[in-house]
Amino acid sequence: MGDMRALRNIVVLTGAGVSAESGIDTFRSAGGLWEQHRVEDVATPEGFARDPDLVLRFYDMRRAAIQTRQPNAAHLALARLEAEWPGELLLVTQNVDDLHERAGSRRLIHMHGEHLNAWCSACDARHGWTGPLIDRPPCPACGVPALRPDVVWFGEMPYRMDEIYAAIARADLFVSIGTSGAVYPAAGFVHTAREAGARCLELNLERSQGSGWFHESRLGPASELVPAWVEELLR
């Protein structure tokens, strides 16, 4: 990893591999299916327009399920790093669960939205939301029954990209954890970080599609790799 003392600013990107060990299914599975559904049917604006009931039921089940899951050692180690790291730290997650928050992370951006939020397509308000949406409840702000999952679907723009790129430009270290390297723009972050001069580390179950861009790859479960790396960094 080189001289740890030269590091000040860290950007960590997390993907589905961090939550998989908490029992949350990864998005990329065999045949382009997500829990037996075609991704096009449940994770695109077109799919929602075509069959809103299917999409709302799907996300209602996901929203209920994540509330029964618990953070694992990887989530807890990243929260510890945030608490103890003296420099800048930004955690960018592609995950739409709240396990990072429940582990104690606060300096984070959900670039793909959050299961426990609802977004009103009528007035653009966002609300914390833990119950179902299938019954078309009214928006608490405007009263129109136009709530949808506050999740970034394929074809939609991820959130807070300006902030993410600004943090990557300042980073001394960029770490990608549990992500396939297949979904852009997140898959391009390592390229941006490396061009900006950051050291780049990959922690993943297997080599990602962008593995060649990293200075170092460590392979194994996130719940083992992340606590070991954090311990090494904070020593």
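Buried means under 20% relative accessible area, exposed means over 50%, and partly exposed lies in between (1.4 Å probe, protein chains only). The views below show a predicted model, in which local features need pLDDT of at least 70, side-chain atom pairs count only at pLDDT 80 or more, and totals for chains, interfaces and linings use all residues. Residues are numbered from 1 along each chain as its sequence is written, and side-chain values use heavy atoms, with hydrogens and water left out.

View 1. A salt bridge is a side-chain nitrogen of Lys or Arg within 4 Å of a carboxyl oxygen of Asp or Glu. Helices (H or I, at least four residues) and strands (E, at least two) are DSSP runs, numbered from the N terminus. Glu84 is partly exposed, at 45% relative accessible area, and Arg80 is partly exposed at 30%.

**View 2. Glu216 is paired with Arg218 in a salt bridge.** Their closest N and O atoms are 2.7 Å apart. Glu216 is partly exposed, with a relative accessible area of 22%, while Arg218 is buried at 19%.

**View 3. Arg38, Glu40, Asp41 and Arg50 belong to one network of salt bridges that share partners.** Within this group, the side chains of Asp41 and Arg50 meet at 3.1 Å, N to O. Arg50 is exposed, with 53% relative accessibility. The structure holds 14 salt bridges.

**View 4. The largest cavity has a volume of about 90 Å³.** On a 1 Å grid over the protein atoms alone, a cavity is a set of points where a 1.4 Å probe fits but cannot get out, and lining residues have an atom within 4 Å of a point. Grid points are joined across faces, edges and corners, and a volume is the space filled by probe spheres set on the points. The lining has 15 residues, with Ser176, Thr179, Gly181, Ala186 and Ala187 nearest the centre. Strand E9 (173-177) and helix H8 (189-195) each supply at least two lining residues.

**View 5. The second largest cavity holds about 40 Å³ of space.** Residues lining this cavity include Asn9, Glu88, Ala167 and Arg170. Strand E1 (10-14), strand E4 (89-93) and helix H7 (161-170) give two or more residues each. The count is 2 cavities of 30 Å³ or more.

Notes. On a 1 Å grid over the protein atoms alone, a cavity is a set of points where a 1.4 Å probe fits but cannot get out, and a pocket is an open set with protein on both sides within 12 Å along at least five of seven lines; lining residues have an atom within 4 Å of a point.
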